[in-house]
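Welcome, and thanks for taking a look at this one. Please open the structure below and keep it beside you as you read.

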Protein chains: 2
Amino acid sequence: MPKIDLVMSPALLSYYDIVGKVVVVIDIFRASSSIVYGLDNGALEIIPVSTLDECLSYPRDEYLLAAERDGKVMPGFDFGNSPFSYTREKVEGKRIVLTTTNGTHAIELAKTSDKVLIGAFFNLEVLCQKLVELGKDVILLCAGWKNKFNLEDTLFGGAVVKRVRDHFSISGDSAIAAQDLYELYAPNMPILLTKSSHSQRLIHLGIEKDALFCLEMNICKTVPVLEGKSLVVNPS
Amino acid sequence: MPKIDLVMSPALLSYYDIVGKVVVVIDIFRASSSIVYGLDNGALEIIPVSTLDECLSYPRDEYLLAAERDGKVMPGFDFGNSPFSYTREKVEGKRIVLTTTNGTHAIELAKTSDKVLIGAFFNLEVLCQKLVELGKDVILLCAGWKNKFNLEDTLFGGAVVKRVRDHFSISGDSAIAAQDLYELYAPNMPILLTKSSHSQRLIHLGIEKDALFCLEMNICKTVPVLEGKSLVVNPS
């Protein structure tokens, strides 16, 4: 039986062997939610990059350039990582380059694995189906906040563990704790917005509407996969 | 109001500012439990060291030498980190040098803080009183298992947060999650021994009796403090 494990911060990933495994990158508020939403809404590809300079190096006539730092859209870019910037009207048929505080860094770290997928509450059910189909060892990688633990990414990891646990052996205390926490919060997920530190930050920035939206479940049918440097829906 | 925060792994400590703060090192299975128990039972000092060689460099006619790696007593040493090796008969009036897989490393990392204390269920209540008395910012540092998250250290951190929360502002999601987890497990702590990966490891090593004992609450009145290179009860 394949194993499933959860890593609570990108800074802990080096203590796990990811070679040959499937890594699911999770950044609920808001990068992974926006990536899933954007590709589900017809974006052709989303290219995650680490730096603002790298993002700006792509030609504007071919790409939408998206950049977020500390929860804010960076000046000079088309948009940031609010899911409401990734609606069908805005992204269908478009190519997007994206850099964020936490999520794109986690994707970069995961590249030596067999396969990198993107998970969010938006695609929870189809992601879980995909993990079961693949039948390989899974690492759920929480992007966290500047390498610190955050609640929302771990809760999502727990939601995945709960749904796939008949098909995987649970390896490690972090996956157990994540599932425990998810079961505790599941009856009232929006309570997160009054408890989690990152949510407080989002509220302070006036984007709690984004955060509430990111808790919506199964509104997308897409599991983004990293192919080369691009996140796409259907790898060639 | 001072802040309290929880760090789930020593590998994450570098993302926190510990200067001027009180750091509580937590390694429930079993280093911090044995340190509290040993000093409460009259050991004069316990010197945590990082390596086996450093431990062996102390003269045997003056010190008991204790070394644990991967849950086992290392050959050639007087004992490891089982609390049952730290009874009054064995340690009263003795000086001990100790090296372990996780706990002594965490103590080393905490040295740049204002004060390093040792926490375990054995001294939960007196530790919490001490933290409130000190009135400074607190970092609860979980030793974990080889830099990975573990349940028992985080649950203990949650127990501390729950008891002192009227005197501190809770800073960060990890302290919130730890408290949530503690409240979930508190009615039946021994269930840990069937769930946590580290407990499974202890059971495999035949030391589940140690683990169960380490969950006993408030049997000690001692809060070990690091003074220079030694953990002691009453610093000069």
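Across all chains of this predicted model, the count of aromatic pairs comes to 14. One of them joins Y58(A) and Y63(A): their ring centres are 5.0 Å apart and their planes stand at 75°, over the 60 degrees that the label requires, so this pair is edge-to-face. Y58(A) and Y63(A) are both buried.

- F84(A) and F213(A) make a stacked aromatic pair, with 4.9 Å from centre to centre and 20° between the ring planes.
- This pair ties together distant parts of the chain, since its two members are 129 residues apart.
- F84(A) lies in the loop between β5 (72-73) and α3 (88-91) of chain A, while F213(A) belongs to helix α10 (residues 208-214) of chain A.

**Charges over rings**

- In chain B, the charged end of K209(B) sits over the ring of F84(B), at 5.1 Å from the ring centre.

**Two crossing helices in chain A**

- Have a look at helix α6 (residues 151-164) and helix α7 (residues 173-185) of chain A, whose axes come within 7 Å and cross at roughly 95°.
- An angle from 65 to 115 degrees counts as roughly perpendicular, so α6(A) is roughly perpendicular to α7(A).
- On the α6(A) side, the contact is made by L151(A), T154(A), L155(A), G157(A), G158(A), A159(A), V161(A), K162(A) and R163(A).
- On the α7(A) side, the contributors are A175(A), A178(A), Q179(A), L181(A), Y182(A), E183(A) and Y185(A).

**How the two copies relate**

- Chain B can be laid on chain A with an RMSD of 0.0 Å, using a turn of 180° and a shift of 0.0 Å along the axis.
- The two copies are therefore related as by a two-fold rotation axis.
- Which surface does each copy use for the contact? The same surface serves both, as 100% of the contact residues of chain B recur in chain A.

Methods: Residues are numbered from 1 along each chain as its sequence is written. Chains are lettered from A and ligands numbered from 1 in the order in which they are written. This is a predicted model: local features need pLDDT of at least 70, side-chain atom pairs count only at pLDDT 80 or more; totals for chains, interfaces and linings use all residues. Side-chain values use heavy atoms; hydrogens and water are left out. Copies are superposed by least squares on the C-alpha atoms of residues with pLDDT of at least 70 in both. Contact means heavy atoms within 4.5 Å. Rings of Phe, Tyr and Trp (its six-membered ring) pair if their centres lie within 6.5 Å; planes under 30 degrees apart count as stacked, over 60 as edge-to-face and the rest as tilted. Buried means under 20% relative accessible area, exposed over 50%, partly exposed in between (1.4 Å probe, protein chains only). Helices (H or I, at least four residues) and strands (E, at least two) are DSSP runs, numbered from the N terminus. A charge sits over a ring if NZ of Lys or CZ of Arg is within 6 Å of the ring centre and within 35 degrees of the ring normal. Axes are lines fitted to C-alpha atoms, for helices over the stretch in contact, and angles run from 0 to 180 degrees between N-to-C directions. Angles under 35 degrees count as roughly parallel, over 145 as roughly antiparallel, 65 to 115 as roughly perpendicular and the rest as oblique.
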